[in-house]
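Here is a short note to read alongside the model. Please keep the structure open as you go through the points.

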Amino acid sequence: MLVPSRRRLAFEVWIVLGLSLGQSAVYSVVQLLDKMTRAPLAEGTSTLNRSQSTREYFDLTYQLLDIFFALVPVLLVLYFLAGSRQAASGDLGAGSGSAFTKLGFTFARPGKDLLQGVGLAALIGIPSLGLYAAGRALGITTAIIPSALDAYWWTVPVLILSAIRHGIVEEVIVVGYLMDRFGKFGWSVPLSIAVSSVLRGSYHLYQGFGPFIGNVVMGIVFAWIYTRTKRVMPLVIAHALLDIVAFVGFSLFGKAVGLG
């Protein structure tokens, strides 16, 4: 199988980022500037899960469509990682050379992945609450509202799906995919981790500088662990757990808990 050139891989990465988290980073910077030029950041708010219609089942439809289409770039990443021969045959997920196996995005070791994911969630989540409080006190972080959905029967399940979506999209693309591609560019591991982590922080900038710093640190930890384990699944689990606690906790108890 032919090995893609660096130029082709770079073009591929720009396509993926332009359709997903790179686009989010650009919007995030613009939103941050918008908020900063309106009022001090401490007076701003960042709402993560918004209602999109006053009509219950249209709102549900919009929420599910958002989740579905946000996952399409993940399929594109798996297609690229599978290589031209496997992708042409549709073989993305089977066998030792599949894209899922390459990323460690499998259920091959569910118990160990779950345990690592829970540990990582605790490691990142608890300090993040302190960082959020410090950012608010310093005036560099907006008030974060994890959920503004109306209370319907489907609210909690949709918030859980949204959290899982964020975990899959961010960890598969920003860690698994980019670390693979940066390695093929010939970049060192520290440089790859740094760029991946700054990207993670940048698409959280709309929340303020505190979440930017927190997510850069989270990115460094997650990317470093991935270089050691070559498994993205524990990272997906950890990220999903963090967001489930934040989204569902806020929805049920009305408290600003957790990350964006």
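1. First, some terms. Ala, Val, Leu, Ile, Met, Phe, Trp, Tyr, Cys and Pro count as nonpolar. Asp, Glu, Lys and Arg count as charged. The others, Gly among them, count as polar. Note too that this is a predicted model.

2. Now the largest pocket. About 1000 Å³ of space lies in the largest pocket. It has 34 lining residues. Closest to its centre are Ser24, Leu48, Arg165, His166 and Tyr206.

3. Which elements give two or more residues to the lining of the largest pocket? They are helix 2 (21–36), strand 1 (45–47), helix 3, helix 8 (155–184) and helix 11 (233–253). Helix 2 gives the most, with 7 residues.

4. The residues of the lining of the largest pocket divide into 12 nonpolar, 16 polar and 6 charged.

5. Next, the surface. Phe58, Tyr62, Leu65, Phe68, Phe69 and Val72 make a nonpolar patch of about 600 Å². Helix 3 (residues 56–70) gives the most to this patch, with 5 residues. Val72 sits in helix 4 (residues 72–82).

6. The partly exposed class lies between buried, under 20%, and exposed, over 50%.

7. Last, Leu191. This residue belongs to helix 9 (residues 189–202). Leu191 is partly exposed because its relative accessibility is 41%. Leu191 and Met179 are 12 residues apart along the chain, and their C-alpha atoms are separated by 9.9 Å.

Conventions. Residues are numbered from 1 along each chain as its sequence is written. This is a predicted model: local features need pLDDT of at least 70, side-chain atom pairs count only at pLDDT 80 or more; totals for chains, interfaces and linings use all residues. Side-chain values use heavy atoms; hydrogens and water are left out. Patches are made of residues with over 30% relative accessible area and no salt bridge: like charges are joined within 9 Å, nonpolar side chains (Val, Leu, Ile, Met, Phe, Trp, Tyr) within 5 Å. Accessible areas come from the Shrake-Rupley method with a 1.4 Å probe; for residues, only the protein chains shown count as cover. A salt bridge is a side-chain nitrogen of Lys or Arg within 4 Å of a carboxyl oxygen of Asp or Glu. Helices (H or I, at least four residues) and strands (E, at least two) are DSSP runs, numbered from the N terminus. On a 1 Å grid over the protein atoms alone, a cavity is a set of points where a 1.4 Å probe fits but cannot get out, and a pocket is an open set with protein on both sides within 12 Å along at least five of seven lines; lining residues have an atom within 4 Å of a point. Grid points are joined across faces, edges and corners, and a volume is the space filled by probe spheres set on the points. Buried means under 20% relative accessible area, exposed over 50%, partly exposed in between (1.4 Å probe, protein chains only).
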